[in-house]
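Here is my note on the structure you asked me to look over. Please read it with the sequence and the coordinates at hand.

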Amino acid sequence: MASLDTVRGDLGLVVLYLSKAEARDKICRAIQYGSKFLSNGQPGPAQNVDKSTSLARKVFRLFKFVNDLQALISPPAKGTPLPLILLGKSKNAMLSTFLFLDQIVWAGRTGVYKNKERAEFLGRIAFYCFLGSNTCTTIIELAELQRLSKSMKKLEKDLKHQELYKNEQYRMKLKKSNERLLALIKSSLDIVVAVGLLQLAPKKVTPRVTGAFGFASSLIACYQLLPAPAKSK
């Protein structure tokens, strides 16, 4: 019975995870970029999966630009330095623009929007916005990690010989530091993905490299969306 309850609990977590549109989108993204890695830009079944999954993912992102639009007009967290506020707002503006333009690209590829040349042009602008938003994210995460490092060192001095990992405040800062480090790695990978999609360095960032980096960043995104483990009483 205990093992059956465990299975039920695990299945419940899987159902909860897959009920999120964002989680399904990131799983599809991993399939898309995994297929791009396998095809290396060459015609075949893998490239067909890449293209069809890319188009299917756009449905998950319909009206998603509203989320970053809301973040753009929301007040920043207290104590955030002005440069980080400006970078954060720039990131929200560019990501919102990317998601909005991506809808026009979807409309163009499905035949709803008839001007295919304009749709492709807007798609290229969208990828530049994606590149810009990830560049902003990378700078923000680097700055926030530096701020966290300073506060953790100060806390280490204050605690002196006490055990650091028994201190709730220190553990929270350490957890936040790990989360930001993971976000930094993901945004750095996505910068390479954007460079590959825009073909800014076609000799170095080939479709296979783009696929590998995109697959890795997708797995990180899937991990970030996992439900938090229940705290033991």
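The points below take up helix packing and then aromatic pairs.

1. This is a predicted model, in which local features need pLDDT of at least 70, side-chain atom pairs count only at pLDDT 80 or more, and totals for chains, interfaces and linings use all residues. Residues are numbered from 1 along each chain as its sequence is written, and side-chain values use heavy atoms, with hydrogens and water left out.

2. Helix α2 (residues 21-39) and helix α8 (residues 207-224) have axes that come within 7 Å and cross at roughly 160°, which makes α2 roughly antiparallel to α8 (angles over 145 degrees count as such). Helices here are DSSP runs (H or I, at least four residues), numbered from the N terminus, and axes are lines fitted to C-alpha atoms over the stretch in contact, with angles from 0 to 180 degrees between N-to-C directions. The crossing of α2 and α8 is left-handed, meaning that the near helix is turned anticlockwise from the far one by less than a right angle.

3. On the α2 side, the residues that meet α8 include Ile-27, Tyr-33 and Phe-37, and their counterparts in α8 include Pro-207, Phe-215 and Ala-221 (contact means heavy atoms within 4.5 Å). The residues of this contact of α2 with α8 divide into ten nonpolar, six polar and four charged, where Ala, Val, Leu, Ile, Met, Phe, Trp, Tyr, Cys and Pro count as nonpolar, Asp, Glu, Lys and Arg as charged, and the others, Gly among them, as polar.

4. Helix α3 (residues 45-60) also packs against α2, at an angle of about 160° and with the axes 8 Å apart, so α2 and α3 are roughly antiparallel to each other; their crossing is left-handed. Among the residues that make the contact are Arg-24, Asp-25 and Ile-31 of α2 and Val-49, Asp-50 and Arg-57 of α3, and the contact of α2 with α3 comprises seven nonpolar, six polar and six charged residues.

5. Which aromatic pairs does a search of the whole structure find? There are two (ring centres within 6.5 Å; planes under 30 degrees apart are stacked, over 60 edge-to-face and the rest tilted). Phe-65 and Phe-100 are edge-to-face, 5.3 Å centre to centre with 75° between the planes, and they link helix α4 (residues 65-73) to helix α5 (residues 82-110), 35 residues apart in the chain. Phe-65 is buried at 16% relative accessible area, whereas Phe-100, at 40%, counts as partly exposed (buried means under 20%, exposed over 50%, partly exposed in between, with a 1.4 Å probe and protein chains only).

6. Phe-98 and Phe-130 form a tilted pair, with 5.2 Å centre to centre and 40° between the planes. Phe-98 lies in α5 and Phe-130 in helix α6 (residues 116-159), 32 residues apart, and both Phe-98 and Phe-130 are buried.

Notes. Helix = DSSP H or I, 4+ residues; strand = E, 2+ residues; numbered from the N terminus. Parallel < 35°, antiparallel > 145°, perpendicular 65-115°, else oblique. Phe/Tyr/Trp six-rings, centres within 6.5 Å; stacked < 30°, edge-to-face > 60°.
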